[in-house]
Structures are given as structure tokens and as C-alpha cells.
Amino acid sequence: MTLPEGRGIADRGAAGADGTGAARGTFRILHVSTGNVCRSPITERLTRHALADRLGEPLGAHGTRGLIVESAGTWGHEGAPMEAHAATVLSDLGADPDGFTGRELLDEHVIRADLVLTATRDHRAQVISMGHSAGLRTFTLKEFTRLVRAIDPATLPDPEPAGAVVDRARSLVRAAAALRGWLLAPSPEADEVYDPYGAPITFFRSIGEEINQALDPVVTALTGVSARG
């Protein structure tokens, strides 16, 4: 399925009244890397694919039950296509690479995001340095995965009632932010997803699998639905 300009799984909406995220009834996830042609496109499209699969709903004009996924780069190649190896990895993993175009990270992207997941600690620092009260909702992907694994899903809202997935997602971010500082990485490198740009397809595949594995517990926590066996 080809989406116009590859931008997320919903139209861009106005920021919430609190200035810290998406419009009421939606939850916007922003994936950030450097060029927005390798890591963040892979992460964006894998997240969208996993959400649609877990929730049993097609990618609609307003997201999957209000969950909106997009990406940008701190040195984003505005309008550039996804790197060819990244597209191959997505296809191999069952996700759709079609229609993607890169974009540079802007203030408006951070303002609208309810959760920012970055490839590295440097990306995280760059997002937080932009302001907009982003600190409590910005994590590296692997950091967020580690924190999510420590959260008891029974403490999160039931995702089944209409609109409840959004409430669950917001609660998950608050719980993860509360754990940060208590549940540290075994090493600084443990929170990094390394840049495969210019590397052979074998390295891209290893990065794609690394991202896929990191996303699995996150999507399970967001939706309350485990991956199909």
C-alpha cells in the first residue's frame, strides 16, 4: 500500500492544548535518526506494520485507533527517498517501504509528538535541546524498550474500549519516564542503534532485525496484544 509522501499513518494535526503532543484522541510517535533515510524510516514503517497487525486494522487516514507514526532526521534529507537497502530490509520483514520521503526534524514535529524515539543518545540530546518540554517524552528506542519491559501491563489502561489505546499509550510514556534514572543501561552503547548508511546489505539486515526486536515489547505494551506466533 502506497501512502502519499510516506508521512506517518495519519494527516498532520494540530498540537494539543497543552502544547506537548497530538490533537485530542490521537497519540503521535516520532522516530528520529540522522538523515531520515535508513534507521528512522525502518523504525517508522516497522512500527506501523506491527500496530496494524496487532490491532487487526488497516492503515487508515487517521491512524490505527488513533496511533500515528512518522519520522524525521536531525540532518534530514528533505524529500529524499529511503535508502535502497533499508527498503529491502523492510520488504524482507513484511513491511511496506513504498512512498516514503525523508524530512528534516522541525520544532513542529517535536511539539506534536507524544513520544519521540531516537536511534542514539546524541539524537535524544538534540531533540531535548530543542525545548518544547520534550525531555519526559523523548527516549532512545532501546532505552524505551528496557523501561517498558519493567512496567507491569496490569497497571496500564485496558486497550479495548474505543479510544483506550491512546490513553494506554500516554500512561505508558508516563510510567517509562518515572523509571528513567532507576533502571540504567548496562553500558552506554546498549542504548544505541548504529548507522548502517553506506554499509552492505548484511549490516542493514542486522540493524533491521535489531530494530524489529526492540520494537516488539513496545508495540505489545502499547496495544496489549502480543506478536502472533
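**Group meeting: the sheet around β3**

Let's start with a strand pair: β1 (residues 27-33) and β3 run parallel, joined by four bridges. Strands here are DSSP runs of E, at least two residues; helices are H or I runs of at least four, and both are numbered from the N terminus. Two strands count as paired if DSSP finds at least two bridges between them.

Some ground rules. This is a predicted model, where local features need pLDDT of at least 70 and side-chain atom pairs count only at pLDDT 80 or more, while totals for chains, interfaces and linings use all residues. Residues are numbered from 1 along each chain as its sequence is written, and side-chain values use heavy atoms, with hydrogens and water left out.

Back to β3. Its bridge partner for Val32 is Thr118. On to β4 (residues 138-140): β3 pairs with β4 over three bridges, again in the parallel sense. There, Val116 has Thr138 as its bridge partner, and Thr118 stands opposite Thr140.

Now the side chains of β3, residues 115-118. Leu115 and Leu117 point one way, Val116 and Thr118 the other. Buried or exposed? All are buried. Buried means under 20% relative accessible area, exposed over 50%, partly exposed in between, with a 1.4 Å probe and protein chains only.

Zoom out to the sheet. It is open, has four strands in the order β2-β1-β3-β4, and pairs in parallel. β2 (67-73) and β4 stand at the edges; each has a single partner strand, so one side of each lacks a neighbour in the sheet. The twist averages 25° from one strand to the next.

Next, the helices. β3, helix α4 (residues 121-129) and β4 make a right-handed β-α-β unit. Right-handed means that, with the strands pointing away from the viewer, the path from the first strand over the helix to the second runs clockwise. α4 lies across β1, β3 and β4, at about 170° to β4. Helix α6 (residues 164-179) lies across β1, β2, β3 and β4, at about 50° to β1. Contact is heavy atoms within 4.5 Å. Axes are lines fitted to C-alpha atoms, for helices over the stretch in contact, with angles from 0 to 180 degrees between N-to-C directions.

Last item: aromatics. A search of the whole structure finds one aromatic pair. Phe139 and Phe144 form that pair, tilted, 4.9 Å centre to centre, with 50° between the planes. The rule: Phe, Tyr and Trp rings (six-membered ring for Trp) pair with centres within 6.5 Å; planes under 30 degrees apart are stacked, over 60 edge-to-face, the rest tilted. Phe139 is buried, at 0% relative accessible area. Phe144 is buried too, at 0%.
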